[in-house]
Structure formats: structure tokens, C-alpha cells
Amino acid sequence: MGKGVLGALNGLVVIILSGAAVLALFWPESVQAGQSWVTLFLVISLTPIIFFGLIGLKRWQAHWSVKTYRRCLWGIGLLIVLTQLIVAFSFVDVGRADAFWVRNQAIALAQGQKHWADYFQTYPNNVNLTLLIAVAIKGALQLGVTNPWVFFNIGRFLWIDTGLLAGLVILRHWQRFRPGALGWLLGWLVSVPFYAYALFDYTDAWVLPLVVDVLALGLKFKTYTGWRRWELAMLTWSILALGVALKSNLIVLWVATGLITLVAMFQYQLCPHTGWYWLVGNIVTLGLVFGGMQQLASRQGYHRNSNQALPATSWIAMSLNPQTSGRYNYHDFEVIRKQPTATAKQRRASRLISTRLDQLKIGGLLSHLGKKMRVFYADGAFDSFKLTTQWLKAPRWFRANTQVIQFWLGIVMQSWYLCLLIGSIGSLRQHNNQQLDFGLLALTILGFTIFHVGLWEVEARYALPLLPVLLILACVQWAESLPIGLTRHSRLRLKWTLVFGILISGWDLWHVNMNKALQTTMIMRQGNGSYYQFEAQTILPKQRVIIRLPLNQPSNQLRLSPVTESGRVQLRLAAGTRTLVVGRGSPRQLQYVTYPTTAKPLTISLTNKGKSLIKYAAVKSNYNQLTGKILVKPAWFMQLTVRDQVNDDH
């Protein structure tokens, strides 16, 4: 593969990113119903403001001294660290769906238990992450820390910030450190996904910086000789292998590094002996890591049952579902999961693939791939606002204005994302046949697109490892671009036209969102217990269950989730020593409870006054679902929602 093939590769990726830009502008995933035209106008107006603002910043920094530039970089770096610490201490996610199963099992392993939930037979891909988190939790428990989730937040930020440092290394190697490093740091500071995924206790944060990490290590590998070079190689192999072990789509990056190494050998940019040693070492390390993780899992009591695991074809079948645009679909999951054996599961998934391909035909398949492309590339926030609705800890102002905050951050991120796409397109066009470094980035973008748009199920968060890639490419384009020649009058006219448009559409949207926000605010939610398998807490006749809710802001509505609709139950709701509500009736009648507004912690007392069992949807957890504290033994936590309803006359 010579320079001509590299140029063709970059050209293909430019076409992909151009399509992504069109989708992100005109059909963004995050648009709310009924607001599309206003949102579109906002994004169209805000994007050039950001664009011309960056051009102005580049002109301004050109007049700075070297010392001033260095101080500015240090200042932004410190601001990033300070912001990350504030976020890490202010927001703590409870862990829901897959993240809950992983955290709950990791706690059990850290406490010496070796029984694995059935979930991990169906999703063996999450076993490796669970083992690693168990090690961290065990260390925390040995230090006497029973609520370690803030420290876990900090740990994820530290890992994500390896990408921040890697980007600076890359820009220095490419001789684009000024002004590229300034744009890189500013981009890292304002990109919401870096913060959102650092709070999300799942695999996404751990694979987020890997592409730029590997590129930076590769560039250093070329500059060193002797043992130092091979130390860097072993670190690169380990990072790649762990990435694949944690998330299967990272096989794309593993393959891309191998292909680029072969190209470097073919172009005589890398000694053949060195290249073959690197390739063999990469393959051996991958085998060792997977073998080691399997041995560790076995020692911790995990033994895979092939009759329970979903075959790879099940995800391909799911990706061909036209009704969901290739997203995860619970119905498809259940249809295949219910098959009794591995052979039956494989047969059912293959039949589903064949049926859907026959139904779609060529035209329908192309349309379906376009919809998957939209899911993958059209959300500038990368699903940041869909990660959780359950917080162990979150600021009062955020809980009260979540919808408004997320909407406006989504608008800004969509505009910022468009700038990154435009910059990346320009960068790849400019370097279309020159450096293997850009070839690695282009090959990774192409690989992720083929994997998720063409083959596997798709979600916007699966594109997350591409965010640092787009940012580094955009920074290079920003550093190399020539200033746009606009007169002072033209710049002022354009600026005020765009600002006026943003103010008009923003005023309209603000009223729409504020009206929604003023109606209902979710104060607390415990929703675990329904994902993968349904669980319920049983209340025996005459038995009383007490639930304490550590609230600190106004609320006046409670919703429970009874499984048993008949029977007789007494509910008592108190705030401190003050009784707010006492009610008797069936679980269904007492499912919704309205009470006088109070900002105090609540105590719910449920007593079974009947003669039969009563069940409520709940989850049995190894950590407190309301405070996060790790428990000595598992306890039940009912599904419930607490809200603050504001009346219209307020």
C-alpha cells in the first residue's frame, strides 16, 4: 500500500466525514420534537461564531511572546484539572443497566464471593472490566473506604487525560504545537463527553483516549532506539490488548496499527526486522492478555456457559432491524436469548439475518445503513445525556434544571462537533498522501464506521474513541489554515446577524424549555431491578418495610412500582418527626402519593395489612442505591421516583 492507496483511504474518510457533517447539521440525533427548525437555525448560527472566534484567537495568539503562550497553556491546563475535580466531587452516578451489574458483581468479588450473576453468561464481554474494577474496590475496602465512587471518578479522569497529554506529544512531533496546543487544550476543556463519560462507570471511559495514546506512543517509538524503544512497544501492545479485552470494537484499532506497521515496512520507513518484531509482539501480547484474563476469571469462579452466551450473529441480526435503525433492541435480544442451546441461538440469529436482508433488499439496505450512519455520527454529544437518570450525588441546580441544561449544552456541542468535522475534513484533504500518522487516524475512522454502521449494532457512544481523533485533526487544520480575508465591516455585519439570530431563536427555545422545567423536576430515582432480569421484593403479611430517602431539596410526589396490584397495604410517609401522609389501600391505589412540599429527608413505611404476599419491583444490591455505600451483605432497594411538581399558579 503506497502513497496512492493512502491518498484514496484519506479521500474515502473525507467522504464519510462529509456525510457525517451533513447528518449532524440537518438531522441531528439530539433534536427535540417540534423544535427542529429553531434548533437548526441555532446550530447554523453558532457554528460560524465558534469558527470565526477560533480564527480571531489564532490571530491574537500570534502576537504573544513564547513565555505568554506557555503561561496560557499552563493556565488552561490547571483550569481543566480544577473543572474535572469539581465535576468528580459534585456528580456521582449510581450505575444503571450494564454498569450496575458490573459494579454489583465487582463488589461481591472484592468481598471474597465467587458466585457470578447469570447476566455474565449472556454478556461475557463485561467479565474483564468486572475483574479490574473488583481489584480497585478491594483496594479501597482495605483502606477503609466504603464509598469510593468519587475516587473512581477521579481515576477515570486521570485515565482520560492520558489522551490530553498524548495530543500534546503528537502536536509537538508534527511541529504544530503553536497554536495547535492552545486549540487542543481549549477543545478538551469545553468538550462535554470527556466529563460525562468520566462519571459513567463502564468501558467507554477506558477506551476513549486509546487512539491518540497509541499514536503518541508510536511516534515516540520511531524516535528512540534500544531498550527504550521496546519498552514503549510493550506499553503500546499492553494498551491495545487491554482495549480489545474491555471493548470488542477496539479490534479495529488493533488491526489498524498492524496494517500501518506493514505499510511502514513496505515504504522502507521502518526496518523490516523491527516491524516484524513489533507485529509478533503485538499478537503475542494480545494472546497473553486474553489468556491471563481467562485464568483470572476462572480463579474468581467464572466459567463460561456457551449455551447461555449470545452468538456474535445476534448483534448483526439486531443491527439489521429497520425499526430501530440498528440500535440495541430488547425484543431481538429476548428472541435469541430464549433459545435453549448455543446451536439453537446461532440458528435463530442466522435466520433473523436472512429474513431481514430479504425484506430490506438492496435499496432498503442502503437506506438502513444511512439511518445507522445518522445514529453513529449525528450526535455531537455522543450520547452524553443518555447515560444515566440516577444520581447518588448531583447539585441541586442541576437536578432542578436538567432538561434545560442538557438541551443548551447539546446545541453548543452540536455546533462544536460540526467545527471538528469541518476541521478534520480539511486536515485529511491537506495530508492526503503524506504521513502514516494521518493514515492510522483515517484507517481507524474507516474501521469504526465499517464495524458499527456496516456490521454491528450501533449507538452514538460507540463513536466516542473518535472524538479525540477529530479534535487532533481539527487542531492541525486550525494551526495550518490561512486567515480568511474579511473586511472589518463584513466581520461586524456577519457577527451581529448571527448573534441576532441566536437571540431570537434562543429566546423562543428558552421559554419552551423553562415551561417544561417548571412543571416537574425529578429529585431522585431508583430504577434498577428491571434490566436483563426482573426482580421484586416480597412483603409478608404483617411485615413492615422502611425506606429512608436522603433528600435535601423540595419534593411533593412519590411513585412506587408495585408488582402485586391487589391486597391491603398501609403507607406512612414522614419528613423527620412530621407525618406527611398516611394511606391505606391496595398497592395499585398507593402507587402514586402526593404530599405537602418538603425539603427534608423522607421516611417511607410500608406495612402489609392483608393476608397474602405483596411484591414491589426492586433490586438486590451489594451497595446502597441511594447513598452508594458498599454494604456488608446485600439489601433490597425498591424502584421509586421522587419529584417536585410545581403548580401553574406558582
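## Terms and model

A residue is called buried when its relative accessible area is under 20%, exposed when over 50%, and partly exposed in between, using a 1.4 Å probe and protein chains only. Helices (H or I, at least four residues) and strands (E, at least two) are DSSP runs, numbered from the N terminus.

The model is predicted: local features need pLDDT of at least 70, side-chain atom pairs count only at pLDDT 80 or more, and totals for chains, interfaces and linings use all residues. Residues are numbered from 1 along each chain as its sequence is written, and side-chain values use heavy atoms, with hydrogens and water left out.

Helix 8 (residues 177–190) is mostly covered, with 11 of its 14 residues buried. Among the buried ones are Phe177, Pro179, Trp184 and Trp188. The end C-alpha atoms of helix 8 are 19 Å apart, which agrees with the 20 Å that its 14 residues should span at 1.5 Å a residue. The expected span is 1.5 Å times one less than the number of residues.

Helix 20 (residues 436–455) is largely enclosed by the rest of the structure, because 17 of its 20 residues are buried. From first C-alpha to last, helix 20 reaches 26 Å, close to the expected 28 Å.

## Nonpolar cores

A nonpolar core is a set of buried Ala, Val, Leu, Ile, Met, Phe, Trp, Tyr and Cys residues joined through side-chain atoms within 4.5 Å. The largest core has 175 residues, and those touching the most other members are Leu17, Ile137, Trp174, Trp184, Phe376 and Tyr377. A second, separate core of 28 residues includes Ile539, Leu551, Leu602 and Ala618.

Contact means heavy atoms within 4.5 Å. Leaving aside neighbours within four places in sequence, the contacts of Phe376 include Phe448, Thr449, His452 and Ala463. Ala463 is found in the loop between helix 20 and helix 21 (466–480) and is buried, at 1% relative accessible area.

## Salt bridges

A salt bridge is a side-chain nitrogen of Lys or Arg within 4 Å of a carboxyl oxygen of Asp or Glu. The structure holds 10 of them. In one, the closest N and O atoms of Arg156 and Asp201 are 3.1 Å apart. Arg156 lies in helix 7 (residues 149–173) and Asp201 in the loop between helix 9 (192–198) and helix 10 (203–207), so the pair ties together parts that are 45 residues apart in sequence. Arg156 is buried at 1% relative accessibility, and Asp201 is buried at 2%.

Glu480 pairs with Arg176 in another salt bridge, with closest N and O atoms 2.6 Å apart. Glu480 is in helix 21 and Arg176 in the loop between helix 7 and helix 8, so this bridge ties together parts 304 residues apart in sequence. Lys222 and Asp437 also form a salt bridge, at 3.7 Å between the closest N and O atoms. Lys222 lies in helix 11 and Asp437 in helix 20, so parts 215 residues apart in sequence are tied together. Lys222 is partly exposed, with a relative accessible area of 43%, whereas Asp437 is buried, with 7%. Salt bridges that share partners join Arg103, Arg156 and Asp201 into one network.
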